[in-house]
Every structure is written in structure tokens, then in C-alpha cells.
Amino acid sequence: MAANLTASNVISSWSFAERLDVKSLWEACRSFAATRLGDLRLEDFASVSESLVRALVTCDIVSSEILAFDAVIAYARGQSSPLSDEVLASLLAPLHFPQIGREQFLERVMSEPLLQNVPCKDMLLMAFADAAYGRTTYGRPGRLCVIQG
């Protein structure tokens, strides 16, 4: 089945693999989706599970950070009840925002209505501060450690 993956069937195949716990197909779908994100229909992300969206944004081989951002937003918009600020922030946190071009960042990320809450704005500002000032941040909820890079 993994050999027959296409941009039009990978999301449904990935959901199928998750439901039936078929790890090899799940991994093949994740890799396909991550490397061919530009070929996928963003609206397909509206109906996937949160765990699939999380798997996509934490994948090391995502082809485009802005498209991964768009997938998270499509997922968030497709939910019957709004995501909590914490869940949305946790889905966006793995993205490498400094790799998004300045124009795309300003036009698509900073102007996104779903990100007008404090937790998401803080996360985005910290991501750019890290890139601009050469710092690496890490921590757990309630803690933030900053190391000069």
C-alpha cells in the first residue's frame, strides 16, 4: 500500500494506518506528507487527528515550514469546537519559524486571526528572538532557560 501513496490519498491512508496501528504504513505516510507538503490539499488536514498533525510538525524532514504552519491552521479551523490556546500553541511550537521568509511571516503568520492570543504570540516572538539574537531557548511549562549561542 505504501508504494501506491499519492498526494490525493496519503492523508486518508495515514489516518487509516493510525486507526489500525500499521506502523510501517504510518511512517511511509508521514514521510510522504512531510516531503511533499506542497502537493497536498490543506483542507484534508481539517479532518485528521491531532496526533497526525503533531507527527507532521515534529517530523525532521518537513519540506516547508510555512506549509506546515498552514496545515496546523487548516486543522485548527476544521475542528467543531475551537482548540484551546495551549493546544494550538503546542502544535505550532515545533515549527522553525525563523526559516519562514520575512514577508510570509508577516503576511501569513502574524496576521493569522487564530494567533491573536497571548500564548501563541509569545511563542512566535521568542522564535524570532532566538534567530535574531543567536539564543537557544528550552524549558518546560513555567520555566524558561536561555543560553547564549
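Asp70 is buried, with a relative accessible area of 12%; buried means under 20% relative accessible area, exposed over 50% and partly exposed in between, computed with a 1.4 Å probe on protein chains only. This residue, Asp70, lies in helix 4. When its neighbours within four places in sequence are left aside, Asp70 is in contact with Leu42 and Arg108, contact being defined as heavy atoms within 4.5 Å.

The model is predicted, so local features need pLDDT of at least 70 and side-chain atom pairs count only at pLDDT 80 or more, while totals for chains, interfaces and linings use all residues. Residues are numbered from 1 along each chain as its sequence is written, and side-chain values use heavy atoms, with hydrogens and water left out.

**Overall composition**

- The chain has seven helices and two strands; helices (H or I, at least four residues) and strands (E, at least two) are DSSP runs, numbered from the N terminus.
- Along the sequence, these elements follow the pattern α-α-α-α-α-α-α-β-β.
- Of the 149 residues in the chain, 38% are buried.
- Among contacts in the chain with a separation of 6 or more, 59% are between residues 24 or more positions apart.

**Helix 4 with helix 5**

- Two packed helices are described by the angle between their axes and the distance between the axes.
- Helix 4 (residues 65-77) packs with helix 5 (residues 85-92) at an angle of about 155°, and their axes are 10 Å apart; axes are lines fitted to C-alpha atoms, for helices over the stretch in contact, and angles run from 0 to 180 degrees between N-to-C directions.
- Helix 4 and helix 5 are therefore roughly antiparallel to each other; angles over 145 degrees count as roughly antiparallel, under 35 as roughly parallel, 65 to 115 as roughly perpendicular and the rest as oblique.
- Helix 4 and helix 5 cross in a right-handed sense; a crossing is right-handed if the near helix is turned clockwise from the far one by less than a right angle, and left-handed if anticlockwise.
- Helix 4 contributes Phe69, Val72, Tyr75 and Ala76 to the contact, and helix 5 contributes Leu88, Leu91 and Leu92.
- By class, the contact of helix 4 with helix 5 has seven nonpolar, no polar and no charged residues; Ala, Val, Leu, Ile, Met, Phe, Trp, Tyr, Cys and Pro count as nonpolar, Asp, Glu, Lys and Arg as charged, and the others, Gly among them, as polar.

**Helix 1 with helix 2**

- The axes of helix 1 and helix 2 are 8 Å apart, and the two helices pack at an angle of about 150°.
- That angle makes helix 1 roughly antiparallel to helix 2.
- The crossing of this pair, helix 1 and helix 2, is left-handed.
- From helix 1, Val10, Ser13, Trp14, Phe16, Ala17 and Glu18 meet Leu25, Trp26, Cys29, Arg30, Phe32 and Ala33 of helix 2.
- The contact of helix 1 with helix 2 comprises, by class, nine nonpolar, one polar and two charged residues.

**Helix 1 with helix 3**

- Helix 1 (residues 10-20) and helix 3 (residues 50-57) have axes that come within 10 Å and cross at roughly 115°.
- Helix 1 and helix 3 are therefore roughly perpendicular to each other.
- Helix 1 passes helix 3 with right-handed crossing geometry.
- Trp14, Ser15 and Glu18 of helix 1 meet Ser51, Leu52, Ala55 and Leu56 of helix 3.
- Four nonpolar, two polar and one charged residues form the contact of helix 1 with helix 3, by class.

**Buried faces of helices 1 and 2**

- In helix 1, the buried residues are Val10, Ile11, Ser13, Trp14, Ser15 and Ala17, and they pack against helix 2 and helix 3.
- After helix 1 comes Asp21, whose phi is positive, near 55°.
- Helix 2 (residues 23-35) has 13 residues and reaches 18 Å from its first C-alpha to its last, close to the 18 Å expected at 1.5 Å a residue; the expected span is 1.5 Å times one less than the number of residues.
- In helix 2, the buried residues are Leu25, Trp26, Cys29, Arg30, Phe32, Ala33 and Ala34, and they pack against helix 1 and helix 3.

**Trp26**

- Trp26 is located in helix 2 and is buried, with a relative accessible area of 18%.
- Leaving aside neighbours within four places in sequence, Trp26 is in contact with Trp14, Ala17, Glu18, Leu52 and Ala55.
- Trp26 and Ser13 are 13 residues apart in sequence, and their C-alpha atoms are 8.0 Å apart in space.
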